[in-house]
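Here are my notes on the model, point by point. Have the structure open while you read.

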Amino acid sequence: MNPFQAYLIEEIEGKVQSRLAMMNESDLDTGEVTIKVAYSSINYKDALAATGAGKIIRSFPCIGGIDLCGTIIESADTRFSAGQKVIATSFDIGVAHHGGYAEIARIPASWVVPLPAELSLFDAMALGTAGFTAALGVVRMEENGLRPDKGPVIVSGATGGVGSLAIDMLAQRGYHVVALTGKEAESDYLLRLGAAEIMLRDSLDLTKIRPLDKARWAGAVDNLGGDVLAWMASTMQQAGTIASIGNASTIKLNTTVMPFILRGVSLLGVDSGYIGEPYRSGVWRRLATDLRPPHLADMVRTVKLEALPGEFGNFLAGKVRGRTVVEIG
């Protein structure tokens, strides 16, 4: 096969550097499924990896991109066949295994999911890891008893990919969604996605978080960690459910056991990275049907592979809302 273009992340003299490069199929990592990549996307984790702002890459050099979709060129696994459209996200993709920012990818079969018939390849990456993570959070919370009639659900990091998609999914399922954001200028955007209320982060006094505060939320989706997550825990209703999804603010959490032992609050860790089958395919089927966000097109922009170097800084600076799809093929 002819050489193909890829976005390669390397470590040179102790510093992370990334660039567009020409590669051959023989350069790819091992795997049973070879895919002609149509689309990938940009996640916060991708920006950390490509810039070295976070210690994300575990094996250099590595083609970036933690998710991808496309059409199978060949498969050594009988569960998949040439010409089949598939999705591959998470696991070690774009971290310790060559990822989605390339025209060709070779992926272990156990990391590959058939594209649901209701989704296009573009839709799959408009959702991507962020959509899968948001949906997994909703599924886990509902398995834990959350229902629209139990009360409002608050979503932090509301303008990000996971936050935007979570708001859209929850609203269309009938929940009263409160969007917690530091970006007042994005209020109209969040209301269009289905948020019933906007709460500004600077309206909170996070220096005085009580062990138990006024009970407000039946559910919460947290993308920040730190004091915001501690405040959420203190303001949950009896038997409330929190989906802990991200750490965009900090990995630290300073809280008490009071919400968990006096109000029966559940703190659910949402690990979209390594959850296996059949649960993974089941969440993707839900994304294609009852959890499909109705305003997906309103939160997506598309860039070319060649534009990647200019995109990551905006992610790290928190200047991006919604989802960014990378057109590969």
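1. Strand 3 (residues 33-42) runs antiparallel to strand 5 (residues 67-75), with 6 bridges between them. Thr34, for instance, has Glu74 of strand 5 as its bridge partner. Strands here are DSSP E runs of at least two residues and helices are H or I runs of at least four, numbered from the N terminus; two strands pair if DSSP finds at least two bridges between them.

2. A word on the source: this is a predicted model, where local features need pLDDT of at least 70 and side-chain atom pairs count only at pLDDT 80 or more, while totals for chains, interfaces and linings use all residues. Residues are numbered from 1 along each chain as its sequence is written, and side-chain values use heavy atoms, with hydrogens and water left out.

3. Strand 5 also pairs with strand 6 (residues 85-89), again antiparallel, over 5 bridges. Gly70 is bridged to Val86 of strand 6.

4. Helix 5 (residues 226-234) is largely enclosed by the rest of the structure, because 8 of its 9 residues are buried (under 20% relative accessible area, 1.4 Å probe, protein chains only). Trp231 and Met232 are among the buried ones.

5. What is the volume of the largest pocket? About 1300 Å³, taken as the space filled by probe spheres set on the grid points, which are joined across faces, edges and corners. A pocket is an open set of points on a 1 Å grid over the protein atoms alone, where a 1.4 Å probe fits, with protein on both sides within 12 Å along at least five of seven lines; lining residues have an atom within 4 Å of a point. Of its 47 lining residues, those closest to the centre are Tyr44, Lys45, Asn223, Gly246 and Ala248.

How values were computed
Buried means under 20% relative accessible area, exposed over 50%, partly exposed in between (1.4 Å probe, protein chains only).
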